[in-house]
Amino acid sequence: MPTGTSNLVCVNCKLRKKKCDKARPRCGYCARKNLDCQSSIDAKYPQLRRLPVTPSPVIGSSLLLAETLSAVLQGEPTSLHSTVYLQILRIIHLTDQTIDEICLRYFRGMHSFIPILSAPRFHEQLVHSAALPSATFSVLLLSMALVTYHPSLVASSSAVDQATLYLTTKSLYTQALASFPDSLLLVQAGIIIASYEYATRRINEAICSISVCARMGYATGLHLLSLTEGSDHSSQVAEKNNTWWGVVITERTILCEADIVQQPIISRFPEGEISLPKEPVSLEWDSDLLTDAVSRRCPYVDDCDGLARVTQAVWLLDQVFKASEERDVDVRLAQLDKLDYSLRGCLALTMDQSEGRWGLFCTANAIIFRALFILHQKVIHSATGVARLSSQIALETATQMVKDIATTQHSMTLAEMDTLPPSRAFVFRAALHYLDEFGTKCDRWNTVRTHLEASLTMFDARWNAITSQTS
């Protein structure tokens with residue numbers, strides 16, 4: 001290729017918002033990073049700016065994959081990794097997002113309630129590494145683009161709708177699973193995809209995705225990590241530890257809404273003393289995150305941070321599942337009564353610690369509320385007399401508290417809603433279900449219902465959950 005300059009900014013510099021010197025055959029930035037420099041993509045392939053409107057996301061996804069791959073192959077990439085990376089860059093380009101915007105939204109949003117990525121390590125691989133990003137890292141980046149994308153959040157209208165982007169992401173993720181060994185990056189991408197599926201009410205798909213993550217976690221040994229491992233690479237160990245907890249938390253969150261009850265849980269809690277990582281609060285958090293050891297049997301440790309509270313809440317939810325399967329009614333009710341006491345105590349602590357903050361404490365609260373709704377509905381259907389009446393009163397109180405929370409979040413923007421865990425929608429639906437089944441007909445409950453329905457509608461609109469069921 002002749003040397004000189006081009007009139008076009010290369011795709012890497014454009015998507016990263018880096019100044020491009022437009023040198024040929026590679027600009028200065030791509031030469032320093034040893035990246036494939038595709039400077040003529042927009043001139044050669046203007047059709048990539050807008051794909052044909054199709055009646056089906058399946059057709060749209062197939063067209064998107066074919067068009068972007070064809071464009072990449074024209075540039076004769078040197079490896080499978082560079083092919084996947086450049087294809088995903090083009091897909092992201094069609095969402096009218098930049099990588100910087102995706103990272104900012106992700107780490108301000110989903111990362112705040114399920115911190116499975118080490119932000120410094122992620123940015124090191126994305127920006128500072130001399131090597132081209134691997135195909136699995138590229139798939140992880142695309143999953144982040146999926147979970148942060150909404151047409152209303154971008155500057156202009158895009159040719160890619162959410163359903164098409166979801167199918168495209170799922171297709172490339174499936175190809176990566178079939179083409180590359182199990183890895184931490186694939187587990188992380190799968191957790192993000194499963195969370196998106198859960199938020200959009202694709203419950204069965206979410207169960208399949210998180211089940212694959214659990215299997216990969218076992219295959220890669222994520223469940224075997226302990227406080228003593230990797231002392232020389234504490235940030236790397238912390239990321240693996242967080243990722244396994246991400247699998248444990250996400251699987252149990254999703255199973256609460258499974259169509260088929262009593263599905264086996266694949267991921268397991270570590271036995272005895274477990275490592276609960278500290279909550280990461282910024283992109284430059286301390287790398288030594290594994291300084292806390294908290295027994296999973298003690299839900300009342302006062303100095304727990306947000307993620308520790310989430311793991312304790314999930315453990316209690318797990319115990320509710322197990323107690324609900326007890327066949328002896330008296331034993332079952334006794335176990336649920338003890339769990340009710342533990343859940344209320346844990347809720348009081350998390351509400352006090354959260355101080356109105358969104359993120360991890362919000363996640364813990366949502367899980368505790370869902371456990372309380374499940375528990376007391378089980379009691380109401382199993383008990384009589386005082387026990388049944390006590391559970392009805394407990395559900396009334398929980399419903400009122402959920403309504404108060406929904407009211408405080410009524411004026412949130414789409415971007416702010418990304419800091420709320422998808423499990424929040426389950427709590428809204430559980431409260432509405434209680435009102436349908438047990439609520440009394442009075443103005444007070446009608447007002448509560450109005451607030452809950454408004455919050456649920458706003459949440460579903462953010463994730464396109466209403467239309468996604470029929471797409």
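Biologist: At what angle do helix α8 and α10 pack, and how far apart are their axes?

Modeller: This is a predicted model, mind you. In it, α8 (residues 135-148) and α10 pack at about 20°, and their axes are 9 Å apart.

Biologist: Why is α8 called roughly parallel to α10?

Modeller: Angles under 35 degrees count as roughly parallel. The angle here is about 20°, so α8 is roughly parallel to α10. Their crossing is left-handed.

Biologist: Which residues make the contact between α8 and α10?

Modeller: On the α8 side you have T136, F137, V139, L140, S143, M144, L146 and V147, and on the α10 side L185, L186, Q188, A189, I192, I193 and Y196. Sorted by class, that contact has 12 nonpolar residues, 3 polar and no charged.

Biologist: Which residues of α11 and α12 make the contact?

Modeller: From α11 come I203, A206, I207, I210, C213, A214, G217 and Y218, while α12 supplies W244, V247, T250, E251, I254 and L255. The tally for α11 with α12 is 11 nonpolar, 2 polar and 1 charged.

Biologist: How do you know whether R215 is buried or exposed?

Modeller: Look at its accessibility. Exposed means over 50%, and R215 has a relative accessible area of 56%, so it is exposed. R215 lies in helix α11. From R215 to V247 the C-alpha to C-alpha distance is 10.0 Å, and the two are 32 residues apart in sequence.

Biologist: Why does R201 count as partly exposed?

Modeller: Partly exposed is what sits between the 20% limit for buried and the 50% limit for exposed. R201 comes in at 26% relative accessibility, so it counts as partly exposed.

Biologist: And what about phi of D96?

Modeller: D96 isn't a glycine either, and its phi is positive, near 60°. It is found in the loop between α5 (80-93) and α6 (99-108). Its relative accessibility is 31%, so D96 counts as partly exposed.

Biologist: Let's go to α16. Why is α16 called oblique to α18?

Modeller: Helix α16 and helix α18 (residues 423-437) pack at about 130°, their axes 10 Å apart. That value falls in what remains, so α16 is oblique to α18. The crossing of α16 past α18 is left-handed.

Biologist: Which residues of α16 and α18 make that contact?

Modeller: Q392, L395, E396, T399, V402, I405 and A406 of α16 meet R424, V427, F428, A431, Y434 and L435 of α18. The residues divide into 9 nonpolar, 2 polar and 2 charged.

Biologist: T399 is on that list. How do you know whether it is buried or exposed?

Modeller: Buried means under 20%. T399 has 0% relative accessibility, so it counts as buried. T399 sits in helix α16 (residues 385-408). Apart from neighbours within four places in sequence, T399 is in contact with F373, A431, Y434, L435, W445, V448 and L452.

Biologist: What about H410: where does it lie?

Modeller: H410 is in the loop between α16 and α17 (414-417). With 46% relative accessibility, H410 counts as partly exposed, because the exposed class needs over 50%. Leaving out residues up to four places away in sequence, H410 touches A454 and M458. H410 and H451 are 8.3 Å apart, C-alpha to C-alpha, and 41 residues apart in sequence.

Biologist: How many helices and strands does the protein have?

Modeller: There are 20 helices and 4 strands. Of the protein's 471 residues, 55% count as buried.

Technical notes: Residues numbered from 1 in each chain as written. Predicted model: local features only at pLDDT ≥ 70, side-chain atom pairs only at ≥ 80, totals over all residues. Heavy atoms only, no water. Contact = heavy atoms within 4.5 Å. Helix = DSSP H or I, 4+ residues; strand = E, 2+ residues; numbered from the N terminus. Nonpolar A, V, L, I, M, F, W, Y, C, P; charged D, E, K, R; others polar. Buried < 20%, exposed > 50% of the residue type's maximum accessible area, 1.4 Å probe, protein only. Axes fitted to C-alpha atoms, helices over the stretch in contact; angles between N-to-C directions. Parallel < 35°, antiparallel > 145°, perpendicular 65-115°, else oblique. Left-handed = near helix turned anticlockwise from the far one by under 90°.
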